[in-house]
Amino acid sequence: MLPGTTPSVTRRQLVVGTATIAAVALGPRAYAQAQAPAGPFKLDPLPYANNALEPSIDARTMEIHIDARTMEIHHDRHHAAYVTNLNNAVKDHPNVAAMPLQDILAKLAEMPEAIRAVLRNNGGGHANHTMFWQLMGPGRGQPQGDLAAAITRDLGGPQKMQDDFNAAGLRVFGSGWVFVTVARDGKLALETKPNQDTPLMEGKRVLLGNDVWEHAYYLTYQNRRGDYLKAWWNVVNWAKVGERYAAAKAGTLSI
Ligand code: MN
């Protein structure tokens with residue numbers, strides 16, 4: 001766990017300092033956690049520092065990949081809001097509250113009509129972002145082993161995969177996602193979805209996905225979604241994606 005990212009530090013500082021000053025100094029993460037209502041769905045902290053995906057200035061390209069402020073707003077405000085809304089929606093629906101998120105999404109048509117749209121948007125948002133934070137990281141890498149072989153077999157190799165994925169991401173009109181899905185037999189496919197929809201809604205599993213909502217890139221890239229899509233591959237944690245691939249084939253990948 002990186003310093004400054006643990007809730008325990010937050011609590012300790014709130015006790016030691018005056019609450020007002022500490023809360024301001026700690027920023028929106030502390031605020032988001034303090035505001036989170038009780039409920040079955042939780043916002044996990046980022047598994048790395050807000051600035052881990054920049055890097056401040058990349059030595060080779062002189063570019064920022066994903067800036068710290070974008071990560072902070074995206075995780076602490078946007079994702080936190082999906083979790084809050086989701087918890088609020090299931091408050092009076094204990095049967096739904098008890099279900100794993102992937103089951104709720106796969107059975108949207110069976111969900112109570114009064115909360116179905118909220119579950120779709122905010123449950124989809126929670127699943128998509130949980131996956132998104134997990135598969136990124138500061139280290140560069142390459143697909144290995146089985147996963148590398150599947151990328152070559154099903155998607156034409158790493159470069160063609162990236163080119164096709166980026167082109168698909170550019171074609172998403174407005175807000176949405178571009179995904180690589182993985183079947184139980186390991187077969188990979190490209191797919192895009194609007195809004196916070198996810199292939200989980202068809203009972204599929206996601207190997208990886210990139211968020212092409214403007215909130216994911218606007219501070220650094222403004223309208224240049226294509227540049228963001230290209231730079232994003234620099235922060236994909238291929239070791240983590242390899243773990244997701246193995247889990248999908250074992251039938252243990254959830255979201
Ligand atoms: Mn997002």
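Q: What is the spacing in sequence of the donor residues of the manganese ion?
A: The donor residues follow the pattern H-x54-H-x81-D-x3-H. The model is predicted, so local features need pLDDT of at least 70 and side-chain atom pairs count only at pLDDT 80 or more, while totals for chains, interfaces and linings use all residues. Residues are numbered from 1 along each chain as its sequence is written, and side-chain values use heavy atoms, with hydrogens and water left out.

Q: What makes His 74, His 129, Asp 211 and His 215 donors of the manganese ion?
A: A donor is an N, O or S atom within 2.8 Å of the metal (3.2 Å for Na, K and Ca); water is not among the atoms, so sites may look incomplete. His 74 (NE2), His 129 (NE2), Asp 211 (OD) and His 215 (NE2) lie 1.9 to 2.1 Å from the ion, so these atoms count as donors.

Q: Why is His 74 called buried?
A: Buried means under 20% relative accessible area, exposed over 50%, and partly exposed in between (1.4 Å probe, protein chains only). His 74 has 1% relative accessibility, and therefore counts as buried.

Q: Why does His 215 count as buried?
A: The relative accessible area of His 215 is 19%, and buried means under 20%.

Q: How much of the protein chain counts as buried?
A: Of its 255 residues, 46% count as buried.

Q: What share of the contacts in the protein chain with a separation of 6 or more is between residues 24 or more positions apart?
A: With contact meaning heavy atoms within 4.5 Å, the share is 69%.
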